[in-house]
Amino acid sequence: MMATGSPPQPEAVPAKPKASDFYVGYSKRLPADLRVFLPIVALLLVALFVASGLLLGLAQPHPGEGRFRWDLGPQTLVGTLEMHPVPIVHAQPTARFPAGHTMMLTGQGKVGVQAVASALDGKLVEVKGFITERGALDMLVVDTLRAADAGMGEAGLPPVVDLGRWRLTGEICDGKCVSGAMRPGRGASHKACANLCILGGAPPVLVANGAIEGRSFFLLADEAGQPVADRLLDATAVPVEVEGRVERRGDLLVLRLDLKSVKRL
């Protein structure tokens with residue numbers, strides 16, 4: 001008797017690869033099947049990288065209009081110098097500031113002018129330098145600072161006006177960079193620079209999300225009106241919530257900060 005059933009099937013034999021399927025680096029020739037595929041992939045990758053770069057750039061916040069006002073040329077101000085929390089000058093009226101102006105002072109590079117200004121606290125001074133400006137925030141980068149000559153006026157501080165206690169959100173920055181010495185001069189990428197500037201004596205400021213009397217920039221002091229320099233370094237360049245009393249000195253707003261209230265958001 002013969003067995004019934006299907007006859008055994010021969011094993012499949014792999015197709016012999018074509019010579020064009022192999023890529024040999026030293027031959028300097030692409031396989032025929034890749035000569036169209038690879039250029040298309042390369043072009044698509046380049047387009048993807050370009051589009052990603054453009055989208056990332058568009059997603060970044062605008063750096064602001066802060067800049068050095070070289071167009072104004074060197075400025076000379078005469079006014080009364082106040083040392084605390086950082087050197088500021090209550091300037092007499094000029095062509096640019098017909099009502100007078102209270103301006104923060106900083107030095108060249110990452111240093112303030114405390115060493116020169118300390119002997120001139122409460123005195124009439126003549127100060128020369130260039131302005132940095134970002135909206136309502138401005139600052140004088142000082143070239144020279146000295147006692148004013150006789151006959152230039154009389155020293156006198158404006159009255160301090162208490163505007164009450166406020167809770168504000170925003171970002172703590174060094175006033176020099178954020179007002180125009182750097183762009184954008186704020187944000188996490190600028191933290192190390194901001195801390196070095198503040199430690200060197202540049203005025204620390206709060207760039208607030210809200211406004212008081214139309215202003216959203218506040219010079220920072222502690223509750224006693226003294227410098228805050230090395231006590232704010234962990235809170236710079238990040239969103240924060242702070243509380244303190246706001247006072248007006250001339251046309252500058254100062255936030256006397258309750259350091260215990262500083263909270264990272």
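Tutor: Start with arginine 231, which is partly exposed at a relative accessible area of 44%. Keep in mind that this is a predicted model.

Student: Why is arginine 231 called partly exposed?

Tutor: Its relative accessible area is 44%. Buried means under 20% and exposed means over 50%, with partly exposed in between. So arginine 231, at 44%, is partly exposed.

Student: What makes arginine 231 and aspartate 222 a salt bridge?

Tutor: Their closest N and O atoms are 2.9 Å apart. The cut-off is within 4 Å, from a side-chain nitrogen of Lys or Arg to a carboxyl oxygen of Asp or Glu. The pair therefore qualifies as a salt bridge.

Student: Is aspartate 222 buried or exposed?

Tutor: Buried. Its relative accessibility is 10%, and the limit for buried is under 20%.

Student: How do you know that glutamate 126 and arginine 146 form a salt bridge?

Tutor: Their side chains meet at 2.8 Å, N to O.

Student: Why does glutamate 126 count as buried?

Tutor: Because its relative accessibility is 10%, and buried means under 20%. Arginine 146 is at 36%, so it counts as partly exposed.

Student: What makes aspartate 162 and arginine 245 a salt bridge?

Tutor: The closest N and O atoms are 3.0 Å apart, and within 4 Å is what the term requires. Aspartate 162 lies in strand S7 (residues 160-174) and arginine 245 in strand S10 (residues 239-249), so this pair ties together parts 83 residues apart in sequence.

Student: Why is aspartate 162 not called exposed?

Tutor: Its relative accessibility is 48%. Exposed means over 50%, so aspartate 162 counts as partly exposed. Arginine 245, at 39%, counts as partly exposed too.

Student: How many salt bridges does the structure hold?

Tutor: It holds 16. There is also a network of salt bridges linking Arg69, Asp71, Arg96 and Glu133.

Student: Which residues make the nonpolar surface patch of about 250 Å²?

Tutor: Leu30, Phe37 and Leu38. Leucine 30 sits in the segment before helix H1 (34-59).

Methods:
Residues are numbered from 1 along each chain as its sequence is written. This is a predicted model: local features need pLDDT of at least 70, side-chain atom pairs count only at pLDDT 80 or more; totals for chains, interfaces and linings use all residues. Side-chain values use heavy atoms; hydrogens and water are left out. Patches are made of residues with over 30% relative accessible area and no salt bridge: like charges are joined within 9 Å, nonpolar side chains (Val, Leu, Ile, Met, Phe, Trp, Tyr) within 5 Å. Accessible areas come from the Shrake-Rupley method with a 1.4 Å probe; for residues, only the protein chains shown count as cover. Helices (H or I, at least four residues) and strands (E, at least two) are DSSP runs, numbered from the N terminus. Buried means under 20% relative accessible area, exposed over 50%, partly exposed in between (1.4 Å probe, protein chains only).
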